[in-house]
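Hello,

Here is the structure for you to look through. Notes on what was found follow below it.

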Amino acid sequence: MGRGEQEILREKLMTEDNFTWKLLSTQDKGEGSKEKEDEWLRYIGGVDVSFSNDDSSMACGTLVVLDFNTLKVVYEDFSLVTLHVPYVPGFLAFREAPVLVEILDKMKRNGNPFYPQLLMVDGNGILHPRGKLFFPLSLHHLLFMWKLTKPLTCAGFGLACHIGVVADLPTIGIGKNLHHVDGLDQSKVRELLGAKENSSKDLITLVGSSGHIWGAAMRSTKASVKPIYISSGHRISLQTAIRIVQMTCKYRVPEPVRQADIRSRDYIRKLEMNAKRKNRFA
DNA sequence: GCGACAG
DNA sequence: ATCTTGTCGC
């Protein structure tokens, strides 16, 4: 029974393209294709969690949906929660996934027409270490993590994978810092990106000491020296993920994640402002 | 052996 | 993750 459970979970993580929509390199649509608009990638979601300064356990989960053609926000939702699980490197999903999955689920239940066809996550996908145990987690969480990671033989299982499997959505992981794994580290990546044979490239594949491909480091803006780290979350290949990220990068961080980030911070900042006004009248 | 480690 | 000011450059 436990073994069968593991088999099912292993098969749920897909790092190949598995979606119904189509993606054109130019995203141009020919004449007479209006009846088939559902077949094109149009709505891309972005999720992020921001935190309160006053109360570090208070968090704001945020979901935004952008129109791929205009890169404008067409939907946003927020959810305030109190987090009881601490942040532990490698176990970000246990802290942030529940809120984000809940907001997604709410949107789906309401039958919202803007429900995303693809989700970009502020956090890694398969670019993620496994098999390390840390203390501050409860036994329940450790067992859950163990069940999810044990069957995987060729990849990690970061926040983007976690959300993708639970919500059954194609997801892309976007890291703003490198999570050290399989011999990869910031200095090595910077060395490769800056190397003369790569000087024309703004993209390098992240190959670990074991030879495994974990994702890609991308210099998304000409001027930026600090790359972003792209990896497959769920139901998408690295190649496709890279293409989509490149098409949504107005700035260093792709728009869906950037907008979720900005609006999430804004929401919690305004909340704190209102709380302080109340105190002034008390 | 110890430290490094997404947000 | 979060605080915060100015500063440089397109």
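Helix H2 (residues 92-109) packs against helix H4 (residues 159-167) at an angle of about 40°, and their axes are 9 Å apart. Helices (H or I, at least four residues) and strands (E, at least two) are DSSP runs, numbered from the N terminus. Axes are lines fitted to C-alpha atoms, for helices over the stretch in contact, and angles run from 0 to 180 degrees between N-to-C directions. H2 contributes Leu92, Ala93, Glu96, Ala97, Leu100, Val101 and Leu104 to the contact, and H4 contributes Leu159, His162, Ile163, Val166 and Ala167. Two residues are in contact if their C-beta atoms, placed from the backbone, lie within 7 Å.

This is a predicted model: local features need pLDDT of at least 70, side-chain atom pairs count only at pLDDT 80 or more, and totals for chains, interfaces and linings use all residues. Residues are numbered from 1 along each chain as its sequence is written, with chains lettered from A and ligands numbered from 1 in the order in which they are written.

The pLDDT (the predictor's confidence in each residue, from 0 to 100) averages 84 in chain A, and 78% of the residues score at least 70. Where pLDDT is low, the predicted coordinates should not be read in detail.

Around DNA strand C are Ser50, Phe51, Asn53, Lys176 and Arg265. A residue is near a strand if its C-beta atom, placed from the backbone, lies within 6 Å of it. DNA strand B has 19 residues around it, of which Tyr87, Asn124, Gly158, Lys176 and His179 come nearest.

Regards
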